[in-house]
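Subject: Structure for your files

Hello,

Here is the structure I said I would send. My notes on it follow below.

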Amino acid sequence: MLKLYNTRTREIEEFWPIEKGKVKMYVCGPTVYGPGHIGHARTYTAFDFIRRYLEYSKYNVKYVVNITDVHDDMIKTANKEGITIFELANRNIKLFMKDLKELGIKEPNVMPRVTEHIKEIIAMTKTLQEKGIAYETEDGVYFAISKFPNYGKLAKIKLKKSFTGTRVETDKYDKENPMDFALWKKAKEGEPSWDSPWGKGRPGWHIECSVMSSKHLGEQIDIHGGAVDLVFPHHENEIAQSEATYGKEPFVKYWMHAGFLNVRGEKMSKSLGNFITIPELLQKYNPKAFRYFIASLHYRSRIDFNDEAIAQAQKNLDKWNNTIQELLSLEKGPENKEVATLIATARESFKKAMDEDFNLPNAWASLYDFQSRVNSIIAERVFSKDNADAILLFLKEIDFVFDFFEFKKKEEEALPQDLLNLIEEREKVRKEKNWGEADRIRDLLKEKGIELLDTPEGVKWKKT
Ligand code: AMP
Ligand code: ZN
């Protein structure tokens, strides 16, 4: 039974999707005013593992990640570059899609863009206004949180009395309550805008996710995610908009939030000089090592990105790939009866850990035990080809979730002919039981960096 931590209740709960066997999942997407950064990479990789594990568990998952292509930062950057927000978005979306692919993140089923949903955004805003929940001011249309009694239930915020109901003159635009938020922003000179019942303007930020999740997944969904920074106000506001519009509760059954990524102990920011984009990440590191790094951590834990952590992840990944290479090159040997049980136990522990709120650190602890047992029976050489194939099949099975192991057999490196001749010569003298000469050639090869291994399948060599 899969269980997951629900931010809505602050508890680990059993997972019961709205429709049996199906999962409707939405994760807030990037604002595309620049290339993606490693914080994005962390969140989307963490949710990629979650999505893939749900699929591994035979759920039919529909996964939506939106693209925020109209936003204050988009307007600022486009103006600075002298291009339109559409040109800016197209460039960065293209880059983002390439980055996702390189990071091994499976493409979401739908990646809707805000600018393609303006009609629906206007419609929801109008509905909220007609219901008396939204009101128009000089600069836009606002959601009146005083009209939504459950406001604050996700972030567990209790509103002050003065915030609920009484009119506070806060600024020149006559907002009723300082916490009311914009559904629609009236256009200022030179800003990108669309026609609406309130004149030319553009959507506020939060409304896009209420609109796009209902359009692509329905009025109520199973899982909604993002990193913790979005709990308030973004997700709180999404709940207010969707539940006030459709009158259905809860808008989201399970809220899931990934921990934040910091760099060398500090929040990433351009001014601190510790801001790392995904293209920079990919230039410096093996994307599979980054994936391994994220896979070794709990999706809810705050993580610190640094060179040592990635180097360690690369080392651990190399160890797995070495084990895989050994399994691929095993040929003959006696059958090991322990292997079937070993695989069954590993699978069971893996699922048990993942079913407990996708507990990856526990899942890896059991996989490491499995790996060390496999390595020792490989070393003991009590291992048949069928045993090796069964283990490889199991590793491929879990790699459906991780997608970072290398299953292609490495081509044997060719040795220069003079060294091959030496190996052949040694085989010949060994057959003649000329042990002294055989050892001399072995030592000679060792000096040249070649180690010989006498195996049941004949002599093998490796570089030292
Ligand atoms: P944004 O582009 O800021 O709208 O963020 C898009 C997604 O990335 C959201 O789900 C954020 O919660 C997440 N995110 C942004 N910064 C970070 C970070 N430093 N660590 C983890 N996730 C982040
Ligand atoms: Zn969102």
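Helix α5 is mostly covered, with 10 of its 11 residues buried (buried means under 20% relative accessible area, exposed over 50%, partly exposed in between, with a 1.4 Å probe and protein chains only; helices are DSSP runs of H or I of at least four residues and strands runs of E of at least two, numbered from the N terminus). The buried residues include Ile207, Glu208, Cys209, Val211, Met212 and Leu217. Just after α5, Gly218 has a positive phi of about 115°.

This is a predicted model, in which local features need pLDDT of at least 70 and side-chain atom pairs count only at pLDDT 80 or more, while totals for chains, interfaces and linings use all residues. Residues are numbered from 1 along each chain as its sequence is written, chains are lettered from A and ligands numbered from 1 in the order in which they are written, and side-chain values use heavy atoms, leaving out hydrogens and water.

The zinc ion (ligand 2) is coordinated by Cys28 (SG), Cys209 (SG), His234 (NE2) and Glu238 (OE) at 2.0 to 2.7 Å (donors are N, O and S atoms within 2.8 Å of the metal, or 3.2 Å for Na, K and Ca; water is not among the atoms, so sites may look incomplete). The angles among the 4 donor atoms run from 72 to 128°, and the site is irregular (four donors count as tetrahedral if all angles lie between 85 and 135 degrees; four count as square planar and six as octahedral if opposite donors are over 155 degrees apart and all others between 65 and 115; anything else is irregular). Cys209 lies in α5 (residues 207-217) and Glu238 in α6 (residues 231-246), so the pair ties together parts 29 residues apart in sequence. Cys209 counts as buried at 1% relative accessibility, and Glu238 is buried at 0%.

Next, the sheet. Its 4 strands form an open sheet in the order β5-β6-β7-β8, with antiparallel pairing (two strands pair if DSSP finds at least two bridges between them). β5 (134-136) and β8 (201-203) stand at the edges with a single partner strand each, so one side of each has no neighbour in the sheet. Strand β7 (residues 181-186) is joined to β8 by 3 bridges, and Lys185 stands opposite Arg202 in β8.

There is also a hairpin, formed by β1 and β2 with 4 residues between them; Arg10 in the turn has a positive phi of about 60°. The two strands run antiparallel and are joined by 4 bridges, and Tyr5 has Ile12 as its bridge partner in β2.

Regards
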